[in-house]
Amino acid sequence: MQRSSYLRKLLWLFLILHGFLFSVTAQQLLPVNEKNYADSLRQIVYSRSADSSKANASFLLSDYWRAKDTVKSRMFLTKGKQLSAKNPYLNALYFFYEGQHLSAIHPEKAQISLYKATQKLMAFRTAASYEAAAAAWYNYGILQRNKKGDPFVINILLNKSIPLAQQSGKSEKMAHYYSQLGTLFMYNAQFDKAEVYNKKAIDLLEKKKPGSSELMLAYLGAVSNFIYKGDSETAKILLDKAKVILEPHQESTQYPYYYYNEGLYLISKGYFNNAIKSIDKGIILAQSLNQPTLLQMLTFRKYDIYLQLEEYKNARDLLVKLLKEGNLSAEVNNRKMFYTQLAAVNEKMGNLKEAYQWQTQYSKLSDSINDSKLKEKINELEVQFQNAENQKKITALETDKKEADLAARNNRLFSSLLGASTLFFLAIALLAFAFYRNQKKLSEQKEINHQQQLKELHQQQLLSTTEAMLEGEERERRRVARDLHDGLGGMLAGIKIKLSGEMSRGDKNPNPIEIHKIIGQLDNAVTELRRIARNMMPETLLRFGLETALKDLCESLESQNISISYESFNLDTEMVISTQVIIYRIIQEALSNAIRHANAQNIMVQCSQNGKTFFITVEDDGYGFDKNILDQKKGIGITNIENRAKYLNGTVEIHSAPHEGTTINIELYV
């Protein structure tokens, strides 16, 4: 009877602990043999391996150090970014590891990086990208958990991480997400559902990845669930299995979590002295490994033991200490549990006034309606997931049945045809042949008409694009004429007037001051002439090629208030000059828009080439604009960019919003 009462007490207390345990263990999954793992990665980074291998190893080392040494974590993250500069997939993967690095120090920035990773990784459609996207989605959900609650994380697990892990072919990763789903159900006191997902995880991992960190964590997650269900014997079996995996690796950072579960088991059996020994071991390790949340959880378990031993003063002091430190009491539900526990322990000590005060604070936070809605939402997501799985099975069975029916009908038809007379068969054959000939002629005529329509449409598009290009060239001529008349023409006229004035003077000695002024005006005229010439046809493009011309263009537009960053990868130096001119004009127009209309201070230009496909990205931090405006009216600059892109069978994507800058992505066929 006493043990049953204590198990109910465990159910009352576990809500405080497992929400935070979940956030600690879910985000970082290292091999059990951590030292060998880190050493092998370091060897790759400082070896003569390919940059892609060294970049990937650097990212993994950044993840390894992020909970131990943030400086080293940032160092390897930066190194990985540098090594992956020419690899689009590793560039996308960088945002995932940046989010990992920032998760503990800047959670808000981490959420932005992880969400970017989910979008960029899905462009690659490979097993590795699916695996990384699944982890990015899951860790994004964990960082949003305090704000959006468990239903949000469960939804991500069921509809993002688990399906993506399945697509990656990594069954051990899918099992890990099953384990985390089980932990979430346990956190919401749905122990039977938690047991189902824990079993799925353990069965998969025992088959696919025995002796792994994933399996050890799945065992420990199931240990807690069985203890809360009152099945301490099964919990002990799984606890021993976890210990077998951990025991050869005494340096593992997972040991505090193991000691926490060992202490939980010993408490459930009433072995309080042994439980304190396990909890103290965990506390020492958590302190040395810089695991503050686990440290507080272990301390809370120690409070629980004091409570059972009726050492109420020690229990209260520990609880107040945890409340002040704040990690475990950050969530409203956890504060409610702290308040009710403080009320209970003060009541046992006879401090009725203080007990009443804590109970009053608890009442203000309590909201049983929200709790019931939370469980309803979780159950709804679970039902949706199970229905989707069942629907897949039903669809497969229906497909098999249709195929069987079709095969049976074909057999009956074949038998009927064999029994038909030769004359009937011949008539059918003749009719079929005649029908086939007619259909073939009709199809050929349709194909000819279709090709003709496509040809006419292509010619119309080409004509429209050419007209737009000619209009752009005519507008460029008018601009050059205006520049020559208003700029260079005015300067030369002024020089002529001054020279005439000097010539008309009575004395034959020229005024040196006036001569210097005239020379200065000539310098300005030459500079203006060079600017006009560069705009008409940049000399660097003809002499040194597109890459040098674009770099020169960016440098010429920089000023004290405008910074322009230019990067290029794998540009073909043998590209047709007319194509180079079109690309140059597109980027020139985009930069002009960013400087003149967006008032941008920082602009990034990226150009890369993959075979016959040329990619351009121009990103600025200017005013930005509402993209819906483009549906109604487009400016001359954007119209020029789109017409030139169409001329090269290209596409233009514009991403912008008010006060968030503008990004233009262009893909051309060169």
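**A first walk through the model**

Of the protein's 670 residues, 43% count as buried in this predicted model.

Visitor: What does the secondary structure of the protein come to?
Guide: Let's start with the overall picture. Among contacts between residues at least 6 apart in sequence, 64% join residues at least 24 apart. As for the secondary structure, the tally is 27 helices and five strands.

Visitor: How far apart are the end C-alpha atoms of helix H12?
Guide: Helix H12 covers residues 213-229, which makes 17 residues. At 1.5 Å a residue, they should span 24 Å. The model agrees with that, since the end C-alpha atoms are apart by 24 Å.

Visitor: How many of the 17 residues of H12 are buried?
Guide: Buried means under 20% relative accessible area. H12 is largely enclosed by the rest of the structure, because the buried residues among its 17 number 16.

Visitor: How many aromatic pairs does the structure hold, and is the pair of Phe 59 and Tyr 97 stacked or edge-to-face?
Guide: The structure holds 19 aromatic pairs. In the pair you name, the ring centres are 5.3 Å apart and the planes are at 10°. Planes under 30 degrees apart count as stacked, so the pair of Phe 59 and Tyr 97 is stacked.

Visitor: Which helices hold Phe 59 and Tyr 97?
Guide: Both Phe 59 and Tyr 97 are buried. Their pair ties together parts that are 38 residues apart in sequence, because Phe 59 lies in H3 (residues 51-65) and Tyr 97 in H5 (residues 88-102). So the helices you want are H3 and H5.

Visitor: Is the pair of Tyr 89 and Phe 124 stacked or edge-to-face?
Guide: Tyr 89 lies in helix H5, and Phe 124 in the loop between helix H6 and helix H7, so this pair ties together parts that are 35 residues apart in sequence. The ring centres of Tyr 89 and Phe 124 are 5.5 Å apart, with planes at 85°. Planes over 60 degrees apart count as edge-to-face, so the pair of Tyr 89 and Phe 124 is edge-to-face.

Visitor: Which residues form one aromatic cluster with Phe 59?
Guide: Tyr 97, the stacking partner of Phe 59, is one of them.

Visitor: Which residues make the nonpolar surface patch of about 310 Å²?
Guide: One of them is Leu 431, found in helix H21 (residues 422-504). Leu 431 is exposed, with a relative accessible area of 59%. The patch is made by Phe 424, Ile 428 and Leu 431.

Visitor: What is the phi of Glu 310?
Guide: Most residues other than glycine have a negative phi. Glu 310 sits in the loop between helix H16 and helix H17, and counts as exposed at 56% relative accessibility. Although Glu 310 is not a glycine, its phi is positive, about 65°.

Visitor: Where does His 659 lie?
Guide: His 659 has a positive phi near 70° and is a residue other than glycine. His 659 is exposed, with a relative accessible area of 74%. Its place is the loop between strand S4 (651-656) and strand S5 (662-669).

Definitions and conventions:
Residues are numbered from 1 along each chain as its sequence is written. This is a predicted model: local features need pLDDT of at least 70, side-chain atom pairs count only at pLDDT 80 or more; totals for chains, interfaces and linings use all residues. Side-chain values use heavy atoms; hydrogens and water are left out. Helices (H or I, at least four residues) and strands (E, at least two) are DSSP runs, numbered from the N terminus. The expected span of a helix is 1.5 Å times one less than its number of residues. Buried means under 20% relative accessible area, exposed over 50%, partly exposed in between (1.4 Å probe, protein chains only). Patches are made of residues with over 30% relative accessible area and no salt bridge: like charges are joined within 9 Å, nonpolar side chains (Val, Leu, Ile, Met, Phe, Trp, Tyr) within 5 Å. Accessible areas come from the Shrake-Rupley method with a 1.4 Å probe; for residues, only the protein chains shown count as cover. A salt bridge is a side-chain nitrogen of Lys or Arg within 4 Å of a carboxyl oxygen of Asp or Glu. Contact means heavy atoms within 4.5 Å. Rings of Phe, Tyr and Trp (its six-membered ring) pair if their centres lie within 6.5 Å; planes under 30 degrees apart count as stacked, over 60 as edge-to-face and the rest as tilted.
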